[in-house]
Amino acid sequence: MSAGKLSAASSLRTFLEECKAEGDVVEIGLEVDPHLESGAISRRAYETGSPMPLINNPKGKDGPEGLFRILGAPVGVRSDRATRYARLAKSIGLPSNATGHDIIQKLLASKKADPIPSVQVRDAPLKEHKIFGDEIDLLKLPVPQNHASDGGRYFLTYGLHSVQTPDGKWVNWAITRCMVIGKRQLTGLVDVKQDIGAIWAMWKAQGKDTPWACALGAPPAALVASGMPLPKFVNEPDYVGAITGVPVEVIKCETNDLVVPAQSEVVLEGTISANETALEGPMGEYHGFLFPAKKSPQPVMTVNAITYRSNPIVPISVAGRSPDETHTVWALSICAEILDLLQQADLPITKAWCPYESQAIWYVVQVDRKRLVEMKTTPEIFCRQVGEVVFSSKPGRFVPKIFVVGDNIDPSDLREVVWAEATKSQPQDSDFFFRGNYPTYDLVPYATHGFNPNEPQAKVVRLCMLPAEFKTLDRPWVEASFRASYPEELKKKVLDNWQAYGFENNHVNL
């Protein structure tokens, strides 16, 4: 068991203490109904940049120390521009004022660092309470129904699923949704194109159920790692250590040989059936839609044990209109991966970002124009190189649209991206399409509900630069704006005298 105070990246409790000290947690003492009310509170918090709601008294909670409190919007964003990304920043060991670019660079640096193997401990608060077998009744717990049209009560929307290959060589931690269908049964997305599904298929090929566990309220850094599209056969526990700089503590499950983060709040243990399925869905998703007819047979998960610490906290992700964890954690993790791939291919890409407003569908990459001009390439050749690298990769499955911008455009500022697209992207001539062996993720709404949904969907690289920017560093235009049209001395004078002129002291970018 850990001695000394853990970092915010290594402990949900420390994370919440720090966020509360910064005014980013609201503790709710009123009874809150997990049927829609907790979801509505969380959704409103996401959409207004409000503090995280910590619901201490959900209807159905099992006594003062029992299962469980609910934490909404665990990695939403703040309304304060200077600390907008604070929750994600703290989750990976950065200060609250870290920029989006700082976060992407930290994820990249962690990926390139030497893995730090996990350390197994014998005891943790997680083992304070244990229930087994028929003592378990998920139907009695305050499992939330997050949207009115969801197909059921979704327990594991921000939980860390732990599985490993039959030979024990690959441990995979992943995030995937699961809904309650019985006293001890859940069902959730087990996609064979993703790692948890690939491992399930290995066990199924041997005619065996998959040993499984899910940790709720896991260390924030572990959840970020679980949401990343890391290469196959990378052990996420070792990558968590690379993020935090210290080994992540793990502890063995009670009923199987899997390990989970020791600093978790609640752990479910059991199996994923090789053969039994149940209808799963629908659920409000990252694209901001819910399709009531979208249901599919998915493997049944049976819970054989639950361990938990006293008065535990279960974070939930109520997916929908941005920004929620599918945009702040998953999409930005994809950004880090595609930036790494493009740089490994020696392409002059300096930054990558996914504008939250695009619902994890637009990905913007920034070009180093000096290197671009030195390449003596054409817009089409360059854009096709970018598209081939990204769209043919593992994370590229989730990337349908890439916007290429110059080095005067900040990819994380949507106003600048829209300006570049509107003024420099020429219909047809600036669009480079990719068709064929470049699958589009079928949760993208137009992939299944658009034109010709049964045919392969095109992907696009959209160039938001003018042809002259490929040929010379001397642009044949000057930006007409405060930042670009005036001498530095004059800009400083205007800023210093802003209040003296009679304006309020606000620096909000409209």
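The model is predicted. Two open sheets are described, one of three strands and one of five, along with a set of strands that pair with β14, among them β13.

**Three-strand sheet**

- β4, β11 and β12 form an open sheet in the order β4-β11-β12, and its pairing is mixed.
- The edges of this sheet are β4 (119-120) and β12 (259-261), each of which pairs on one side only.
- β4 runs parallel to β11 (residues 249-252), and two bridges connect these strands.
- Within this pairing, Val119 has Glu249 of β11 as its bridge partner.

**Strands that pair with β14**

- β14 spans residues 296-308 and runs antiparallel to β5 (residues 129-132), with four bridges between them.
- Phe132 lies opposite Ala305 of β14.
- β9 (residues 185-188) is also antiparallel to β14 and is joined to it by three bridges.
- Gln185 has Thr302 of β14 as its bridge partner.
- β13 (residues 266-280) is antiparallel to β14 as well, and 11 bridges join the two.
- Leu268 lies opposite Ile306 of β14.

**Five-strand sheet**

- The strand order in this open sheet is β16-β17-β18-β20-β19, with mixed pairing.
- β16 (349-353) and β19 (431-434) are the edge strands, and each pairs on one side only.
- On average, neighbouring strands of this sheet are turned by 20° against each other, direction ignored.
- β17 (residues 362-367) pairs with β18 (residues 401-405) in the parallel sense, over five bridges.
- Val364 has Phe403 of β18 as its bridge partner.

- α4 (residues 100-112) and α7 (residues 236-244) have axes that come within 8 Å and cross at roughly 125°.
- The crossing in which α4 passes α7 is right-handed.
- For α8 (residues 325-344) and α10 (residues 379-391), the axes come within 9 Å and the crossing angle is roughly 125°.
- α8 passes α10 with right-handed geometry.

- The volume of the largest cavity is about 70 Å³.
- Two elements, α1 (12-21) and α6 (220-226), each give two or more residues to the lining of the largest cavity.
- The lining consists of Leu12, Phe15, Pro74, Val75, Ser91, Tyr158, Ala218, Pro220, Leu223 and Pro315.
- Nine of the lining residues are nonpolar and one is polar, while none is charged.

- Most peptide bonds are trans, and most residues other than glycine have a negative phi.
- The peptide bond between Gly281 and Pro282 is cis, with omega at about -5°.
- Pro282 sits in the loop between β13 and β14, two strands that run antiparallel.
- A cis peptide bond also joins Ser322 to Pro323, where omega is near 0°.
- Pro323 belongs to the loop between β15 (313-315) and α8, and α8 takes part in the crossing with α10.
- Ala360 is not a glycine, yet its phi is positive, at about 65°.
- The loop between β16 and β17 contains Ala360, and both of these strands belong to the five-strand sheet.

Technical notes. Residues numbered from 1 in each chain as written. Predicted model: local features only at pLDDT ≥ 70, side-chain atom pairs only at ≥ 80, totals over all residues. Heavy atoms only, no water. 1 Å grid on protein atoms, 1.4 Å probe; cavity = no way out; pocket = protein on both sides within 12 Å on 5 of 7 lines; lining within 4 Å. Points joined across faces, edges and corners; volume = space filled by probe spheres on them. Nonpolar A, V, L, I, M, F, W, Y, C, P; charged D, E, K, R; others polar. Pairing = 2+ DSSP bridges. Axes fitted to C-alpha atoms, helices over the stretch in contact; angles between N-to-C directions. Left-handed = near helix turned anticlockwise from the far one by under 90°.
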